[in-house]
Amino acid sequence: MKFVFGAGRVRIPGGGFEIKSDDRAPDLTLEIAEVEMTVKALLVILVVWSAILTGCRSISREGLALLAFKDAIFDDPNAVLSNWNPLDQNPCNWSGVVCLPTGGSVQALNLPGLSLKGFLAPELAFLPSLQTLNLRSNNILGAIPRQLGGLKNLENLDLGLNQLTGVIPNEIGNLSNIAKIFLEGNDLAGNIPPELGNLENLQELRLHRNRFQGTILGDSQSMNITPQIQGLYNMQGRNSSLCNLKQLKAANFSHNFLLGRIPICLKYLPSSSFEWNCLQDSGLHLHQRPLEQCGFVISEMKPTSQPEVVKENHDLKPLWLLPLEVVMGSFIAAVFLVASVMTIVKYKTEATALMPWKKILSGHEWKGFDTGLGALNGVAVMSRVELQEACEDFSNIIGCSPDSIVYKGITSQGREIAVTSMRIAKEDWTPQLEICFRTKVADLAKLNHKNIVKLLGHCAENEPFTRMFVFEYASNGTLYEHLHYGDGWQLGWSARMKIIVGVAHGLQYMHHELVPPVSFVDLDSNAIYLTEDFSPKLADFETLKSIFAKNERRSIFKGSATLACDSVESLGESTDIEFNKLSFGVLLLEIISGRFTYCKHQGSLLDWAQKYLEAPDVISYLVDPSLRYFRYSDLQTICEVVRLCIKSDHSRPSMKQIVCMLESGVDTSETAGFKESSLKWAERQLIS
């Protein structure tokens, strides 16, 4: 059977049906098999396109809104949004997306601390069931879209610690169910919108560390500003106020450029919630910005934190007192001279006593040499068997490096210990390393300070080959663990100040009270252990790094048998002392900020902090945002010490001078923080 096609004719032979037109066109004949193949191909194409179009239509409107958010994020270094697939019909499976259990509507978008960089998409307003929007601690840029005011079910809005700019849109006042608004740590400006007074369910409001201006709208008694300033900030015609927020339990307006008076209805908040603004409320003695930073003149505004200058009246000394002072001064100088001579003689005698080691241990004679050091500085000799039993067969490992392993143990007397064992084979042990080991034992035995972990003993046995140090153990872990992985409430501001002063005292002891001075190898938060009452102890558990040091300082042991060691003299080199001061400055930044000393995406802590240290009016940005409070006077002292420690070597103060600065400028009393935060603490307990 054939179909016959012509330019103007269709004829089916034997079918009795024919259409004629132009007989001049040539006839084209196709086999029926070819026609069937063509029809099948067309059907396949239609099915594929239908599936694609159906798939595109099947993704919900909320899914499209989330994809618009993804498109506005131009940097996702952790590939968090990589599984946000447009062909996936169910966005509830995407990272950070939480849906209602009763349906497919998006309930929460949780993407905090993921280094996302981009803008807020207005399309997020198409998530009508959204209750939580948490993009905290990212790199979100630009303005807050006014469309977010349409999220009627939103309860928690957390955009803190980003790089947002612009103003808070007035439409935020339409979030009728909102309970928490966190916008701190951005670069937002303008006035605090009076529409916030419409949020009857608002319980917590964080607006600190921005650039807000204008007044804190409250009762009429707080509006004590001139008509010129009122016009400047366009406050006319706005009757809403934060006094309408009957559910508000916590708020923070500090570190902005707010002016006027604090509303009476908000004076139940801690004074720290209003610090470092341009407010005028002498009754609270607030720390406010200098007038030149406020950008306007308020004649009635007076600095509230000016220290009073107290003039002391010194009575004239009687004439007979002068000769007595001369005699006493001469006597003290003579005593000091005799003591110095005796100390030098004693030191030379001890140094001479160590010299026979180099003679006896020439070549490989160390193998037959008695390794007992019990008579040296009273250091106890402990057997390997004893330490093996205390450390649970050396299975309780708490630290490890290429040079050593650190074990935790409990002696038969019930005392906790930390045991540092060398990781080196007997055949790689040299006479020089034996000298270094003995020297290190002698050096560590000299350390006797409450802020330095004490050496309790050592172990030196040849079968099996063993070289160990035994230290006391501080049972509350390292400062590093508490700063970066612990609960913030455990390490409050007062505790951090106590740790800073304690570490400074330990370094002062090593730099100034030991002869010769001793530096601390690798001073950082990992080397500071804490006791039960959070007293710091410098712990050189990885002290073997100095034993295995090559020509370059602080290098890592790689198995060479020709290594030199750090002698007593090299430990006291000025370069090491100066490096300790620099490390101490970086440590202070780590303690007050809670940040890592180096982060892949944010670089070094010192580079980040420089812009705040060079501008004293914004040093509060250095403070760990997880802290409930901090003392501004303490922070000023700490930042001044940091600035001095990171200077060039020859201009840094001594640790003795640093300790004097800290003791006079930092309050380490346990009640210092309680006085400032007792109300806020109680409020947080009620909220939780």
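## Helix pair H14 and H15

Helix H14 (residues 632-645) and helix H15 (residues 655-665) have axes that come within 9 Å and cross at roughly 170 degrees. Axes are lines fitted to C-alpha atoms, for helices over the stretch in contact, and angles run from 0 to 180 degrees between N-to-C directions. H14 and H15 are therefore roughly antiparallel to each other, a term for angles over 145 degrees. Helices (H or I, at least four residues) and strands (E, at least two) are DSSP runs, numbered from the N terminus.

On the H14 side, the meeting residues are Ser633, Asp634, Thr637, Ile638, Glu640, Val641, Leu644 and Cys645. H15 brings Ile658, Met661, Leu662 and Gly665. Contact means heavy atoms within 4.5 Å. The residues of this contact divide into 7 nonpolar, 3 polar and 2 charged. Ala, Val, Leu, Ile, Met, Phe, Trp, Tyr, Cys and Pro count as nonpolar, Asp, Glu, Lys and Arg as charged, and the others, Gly among them, as polar.

## Basis of the model

This is a predicted model: local features need pLDDT of at least 70, side-chain atom pairs count only at pLDDT 80 or more, and totals for chains, interfaces and linings use all residues. Residues are numbered from 1 along each chain as its sequence is written, and side-chain values use heavy atoms, with hydrogens and water left out.

## Strand pairing

An open sheet of 6 strands runs in the order S20-S24-S25-S23-S22-S21, with mixed pairing. Its edge strands, S20 (380-381) and S21 (397-400), each pair on one side only. Two strands pair if DSSP finds at least two bridges between them. S20 joins S24 (residues 455-462) in the parallel sense over 2 bridges. There, Ala380 has Gly457 as its bridge partner. Helix H7 (residues 431-446) packs on the sheet and touches S23 (416-422), S24 and S25 (465-472). The direction of H7 makes about 15 degrees with that of S25.

Elsewhere, S8 (residues 117-119) and S10 (residues 139-142) run parallel, joined by 3 bridges. Lys117 stands opposite Asn139 in S10. S10 also pairs with S12 (residues 163-164), in the parallel sense, over 2 bridges. Leu141 is bridged to Gln163 in S12.

## The largest pocket

The largest pocket holds about 1,500 Å³ of space. Its lining has 50 residues; the closest to the centre are Ser137, Leu161, Arg595, Gln602 and Trp608. A pocket is an open set of points, on a 1 Å grid over the protein atoms alone, where a 1.4 Å probe fits, with protein on both sides within 12 Å along at least five of seven lines; lining residues have an atom within 4 Å of a point. Grid points are joined across faces, edges and corners, and the volume is the space filled by probe spheres set on the points.

The lining divides into 17 nonpolar, 22 polar and 11 charged residues.

Conventions:
Angles under 35 degrees count as roughly parallel, over 145 as roughly antiparallel, 65 to 115 as roughly perpendicular and the rest as oblique.
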